[in-house]
Amino acid sequence: MTADSVAITDTSLDRDEIKVGLSRLAKELGFAKCGVAVAREAPHAAAFQQWLAEGFNATMSWLAREFERRCDPRLVMSKTRSVIVLATNYFQGSTQATVGWRVARYAWGRDYHEILKERLLRLSNYLAQFGGHQVWYTDTGPVLERDHGSLAGVGWQGKSTMLLDRELGTWFFLSVILTSLELRPDIPSVERCGRCTRCIDVCPTGAIATPWRLDARRCLAFLTIENRGPIPLEFREALGDRIFGCDDCLEVCPWNRFAKLSQEAAFAMSTELASLTLEDFLDLDREAFNRLFKESPVKRAKFEGFLRNACVVAGNSGKLSLLTRLERLASSESALVAEHAQWAIKRLTRHAFSRRRLQIAAGK
Ligand code: B12
Ligand code: SF4
Ligand code: SF4
């Protein structure tokens, strides 16, 4: 009997039976984990408030706007009694087959928002059979997903602030369903970072100010994805070849040695994208960008943001052959792109000049 058929044939199941059906359906739909927490204020609401007060949210003012709602799911939907948290594995293996640029793993393939919303609707319909009222989100709703994820036993929050699981490591998305049904809660996760500080030590910009506190103003994920302005000069070299997002504090996490490959082909990088070069990215026009990233999380950076990032990567590449393209972009009608292209030209030529000086000094 499938969970779908449980829902259709019997509307008088008790809360434990409903939960068994829910977990089974979640598994069928491809979710790697499904946990339940009692709806309550997020345990780290005060830490979140302090984080905002210190300006760690950078220009993401929307995080502060919905402060109360974000901390308490009962203010998002007054009938909320349980918070269901789901994990989706997106791990596609450890090597990225691209040359000269990197995109964070979560954005290799198709946009998870699009893929998961259909599945969340299926789960919500299942709960509706028992009189449940639901709202659901993946990333976009006013919910502190990781705090509730940890309460629901889906994982513990690591010092990098990522939610971690013993079997999935760091490579999973979160989704939440707020429901009016009182389902039996799971046991909250236990923190297992111990004395490890690898994520803090590896961060190229020192963005993890103290354990569990990330300063988005310094984080390359923020600077290359959410940021609509310039990338501060002090972080441009540290950006290296990351054209969208950053995975450094995830990559080093020792719990990833247990990570299993995702069964979801949609999260793999397309051969078309993998075959592209930095030259190709610098040549993109708005139309080509929209076509290439129509179904990808990369579209979040928008065309100017993506070109801005590509210019910084080009400046860090040491490739003088990119100068012609950068010179064209230096007179772009976008002031943002033009300034980053000018920076890249300066960096490339300075780099070439000092390399030549070293060669002359060495008598070559
Ligand atoms: C804003 C945002 C960002 C911002 C800010 C990130 C941040 N750490 O706050 C930026 C743009 C930098 C970002 C980056 C990334 N993000 Co993001 N992001 C979000 C979003 C929309 C909100 C996060 C938020 O509320 N931040 C505010 C801070 C204060 O909350 P918090 O990180 O949960 O922090 C809590 C802890 O600090 C805790 N706390 C404080 N003290 C202590 C002490 C202890 C002992 C403990 C246990 C906890 C604790 O209290 C805080 C409040 O709950 C969520 C989706 C959502 N709605 O939750 C996705 C989300 C967190 N992001 C996600 C991903 C995948 C990423 C990236 C990996 C993408 C990438 N590769 O480039 C990086 C990872 C960077 C990192 N180390 O976090 C996933 C994470 C999944 C997971 N397994 O954890 C989420 C959940 C989206 C999703 N639905 O899957 N992100
Ligand atoms: S995503 Fe990158 S820049 Fe941001 S905290 Fe992690 S390692 Fe640092
Ligand atoms: S790298 Fe270490 S400290 Fe950081 S999240 Fe992973 S286990 Fe925790």
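Q: A residue is buried if 20 or more other C-beta atoms, placed from the backbone, lie within 10 Å of its own, exposed if 12 or fewer do, and partly exposed in between. Which of these is Trp212?
A: Trp212 is partly exposed, because 16 other C-beta atoms lie within 10 Å. Please note that this is a predicted model, in which local features need pLDDT of at least 70 and side-chain atom pairs count only at pLDDT 80 or more, while totals for chains, interfaces and linings use all residues. Residues are numbered from 1 along each chain as its sequence is written, chains are lettered from A, and ligands are numbered from 1 in the order in which they are written.

Q: Where is Trp212, and what is its phi?
A: Trp212 is located in the loop that joins β8 (208–210) to β9 (213–214). These names refer to DSSP runs numbered from the N terminus: helices are H or I with at least four residues, and strands are E with at least two. The phi of Trp212 is positive, about 70°, although Trp212 is not a glycine.

Q: Why remark on that?
A: Most residues other than glycine have a negative phi.

Q: Which loop holds Asp139, and what phi does it have?
A: Asp139 belongs to the loop between β4 and α8 (145–151). Its phi is positive at about 80°, and Asp139 is not a glycine either.

Q: Why does Asp139 count as partly exposed?
A: Asp139 counts as partly exposed because it has 15 C-beta neighbours inside 10 Å.

Q: Turning to Gly245: is it buried or exposed?
A: Gly245 is buried, since 23 other C-beta atoms lie within 10 Å of its own. Gly245 is placed in the loop between β10 (242–244) and α12.

Q: What does Gly245 touch?
A: Beyond its neighbours within four places in sequence, Gly245 is in contact with Val103, Ala104, Tyr106, Ala107, Ala221, Thr224 and Ile225. Contact requires C-beta atoms, placed from the backbone, within 7 Å.

Q: How many residues surround ligand 1?
A: There are 40, and the closest are His44, Ala104, Glu145, Ala221 and Gly245. A residue is near a molecule if its C-beta atom, placed from the backbone, lies within 6 Å of it.

Q: Which elements contribute to that shell?
A: Two or more residues come from each of α3 (45–53), α8, β7, β9, α10 and α12. Helix α10 gives the most, with four residues.

Q: What classes of residue are present there?
A: The shell around ligand 1 holds 25 nonpolar, seven polar and eight charged residues. Here Ala, Val, Leu, Ile, Met, Phe, Trp, Tyr, Cys and Pro are nonpolar, Asp, Glu, Lys and Arg are charged, and the others, including Gly, are polar.

Q: What about ligand 2?
A: The shell around ligand 2 includes Cys203, Cys219, Cys246 and Cys249, as well as Asp248. Helices α10 (220–226) and α12 (248–251) each give two or more residues to the shell around ligand 2. By class, this shell has 10 nonpolar residues, one polar and one charged.

Q: Which residues are closest to ligand 3?
A: Gly158, Cys193, Cys196, Cys199 and Cys253 are the closest of the 13 residues that surround ligand 3. The shell comprises eight nonpolar, three polar and two charged residues.

Q: What are the domains?
A: An automatic or database assignment divides the protein chain into domain 1 (3–179) and domain 2 (198–248 + 268–361).

Q: Lastly, in what order do the four strands of the open sheet run?
A: The order is β1-β2-β7-β4, with antiparallel pairing, where two strands pair if DSSP finds at least two bridges between them. The edge strands, β1 and β4 (134–137), each pair on one side only. Strand β1 (residues 33–38) has five of its six residues buried, and six bridges link β1 to β2 (residues 82–89). Opposite Lys33 stands Ala87 in β2, and opposite Val38 stands Ser82 in β2.

Technical notes:
Two residues are in contact if their C-beta atoms, placed from the backbone, lie within 7 Å.
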